Amino acid sequence: MKKNKAMIITFLAPAVILFCLIFLYPIIRTLTMSFFNITGVTDPMSKWQFIGIGNYTKLFSTSLFRTSMVNLAKIWLYGGIIVMSISLLLAVVLTSGIRGKKFFRAVIYLPNIVSAVALATMWLQYVYSPKFGLIKTFFEKIGWESMSKVQWLDNEHKFGALLVAYCFGMIGYHMLIWTSGIERISPELFEAATIDGANKPAQFRYMTLPLLKGVFKTNITMWSVSSVAFFLWSQLFSSVTADTKTITPMVYMYTKVFGAGNSVTEHDAGVGAAVGVILSICVVIIFTLCNKFIKDDELEF
Amino acid sequence: MAKEKKEYKKINWKTEAKLTPGYIILIVWVLFTVVLLGWVFAASFSTTKEIYQGNALKFATGFHFENYAKAWSGGNVSTFFTNSLVYSAVSCVLLILICAPAAYILSRFTFLGNKAIQTGFVSAMGVPVIMVVLPLFSMISAMGVLNNIFANKILLIFLYVGINIPYTTIFLLTFFSNISKTYEEAAAIDGCPPTKTFWKIMFPMAQSGLATVTIFNFINIWNEYFLSLIFANSDKLKPVAVGLYGMINSMKYTGDWAGMFAAVIIVFLPTFILYIFLSEKIIGGVTGGIKG
């Protein structure tokens, strides 16, 4: 047993020490920082001034931050509806006994393994291009003049364009989660239902959907975790530093802490830390609500 | 195998007809993806002028491989590419060496704190990076590492490893708990010490799990953006994702669209090629990691 103890410690130590260094300690420190007035992120602790919830009240009275939270909420809600419904549809089609399932599944998941910078560039510089873009060419070919002239990246359309491009990249991942959930439902259940005279739509409504509750929860959690970290797409789709159409809290925090540091984006690490705490609280709230309202324990399969 | 082939030949037209709407949805989706990637690929062999005229697919002036040559040497892509390759490869090896033993211990031994460590790791997977990045930055800049290229590279690898520890450990933990305990029991009876048992018996047995998680880590680290943006300041340090972002911004001004698409393809190819050969394993791994 003594031997085991030494082994447990030597085997676990590197992972646990790294975990404490990269996660545990920084999380506690960020939490602390959010209650202090700190200008530069590298300022020593002696220069911190305790201001209670001052950073939080400052944030919520800043209209740019409020805009970024609204944008994030829109991405989470609209994007969530788009991604969840399309990925579920694709998952249902893929598990309906279609030929070439593996091929289709692999192609739909493909955008997830591609560098997001590369993917976003393809959308920005090709699909939405006002000169040689895919959408423009498509509408020209079918003779819909007014649609082919739309500037997809102007201020009016930018957010929608960003959302569609982002969702396209995310659908494959959620499709896989749905598919694995559907495949875990015993086919005998469907056979029994067919014998009892239930048609396909009824089977989907009364069997597949209720049995997928737990998978839905996983999907929402994963979607929320990735939405909160929404940064790169926003940065690529905005032409100026603080673009109100596409700004998200993460971008706001980045400009506040690491930004150019002029009068518009005055450095404020305390506020940056508070943004992090707010986003983490959002994830926790969504997670708690999901666990409260979606109960999957009664339907083990 | 023979049975599968038999099933394949049998086409029931009635059921196929019922599935038509499904086929249409999938084919439209695939078509769009193919057009998107195919066009960018074609444009990377074209010239900026042809792209603007809408003739990117005609190759009137032949294939322009020089776009790649230009992007590779002129646009620093070779540096970014090597950096990414080194970061990803070294981090993947370190992650396995650190996480496999930890996952094994967590899956096999009951001791005080086991559950707490597991809960900590699982929660860490949901923590936004923004929660950890500020203190890391102040710690690291206090160490003065950011002024030395070599030290900074080590630091980046250290960060990539650290940030992926929870995911890798939890993934392998599920994998180890599915391996039967009888092997260790047999080894113990034969007098093999537990540490040796792990490296000689369990580690090789977990090969397929180790391979899957390494593929994921490789793709994640290859595509990592936010940490690299903050901690890799010089062009000599940047991995492809951050490097490409800078190139795209500068090419907007130089107007070299063909070169930009070539750079996009260079960044895109490594994970794409990996995916062509390993898509089944990758897809199996996505859902395997979540279930546990």
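**Contacts between chains A and B, and helix packing**

In this predicted model, 75 residues of chain B are in contact with 70 residues of chain A, contact here being C-beta atoms, placed from the backbone, within 7 Å. Helix α15 of chain B (residues 257-291) supplies the largest share of the chain B side, 14 residues; helices are DSSP runs of H or I with at least four residues, numbered from the N terminus. By class, that side of chain B holds 60 nonpolar, 15 polar and no charged residues. Ala, Val, Leu, Ile, Met, Phe, Trp, Tyr, Cys and Pro count as nonpolar, Asp, Glu, Lys and Arg as charged, and the others, Gly among them, as polar.

As for numbering, residues run from 1 along each chain as its sequence is written, and chains are lettered from A, ligands numbered from 1, in the order in which they are written. Local features need pLDDT of at least 70 and side-chain atom pairs count only at pLDDT 80 or more, while totals for chains, interfaces and linings use all residues.

On to chain B itself: an unreviewed UniProt entry puts "transmembrane region" at residues 21-42, 85-107, 119-142, 154-176 and 257-278, though such annotations may be inferred rather than shown by experiment. Residues 21-42 of chain B are 100% helix, with end C-alpha atoms 31 Å apart. Residues 154-176 of chain B are also 100% helix, and their end C-alpha atoms lie 30 Å apart.

Within chain A, α3(A) meets α13(A) through A:Leu64, A:Phe65, A:Ser68, A:Met69 and A:Leu72 on one side and A:Pro249, A:Val251 and A:Tyr252 on the other. This contact has 7 nonpolar, 1 polar and no charged residues.

Note on methods. Two residues are in contact if their C-beta atoms, placed from the backbone, lie within 7 Å. Helices (H or I, at least four residues) and strands (E, at least two) are DSSP runs, numbered from the N terminus.
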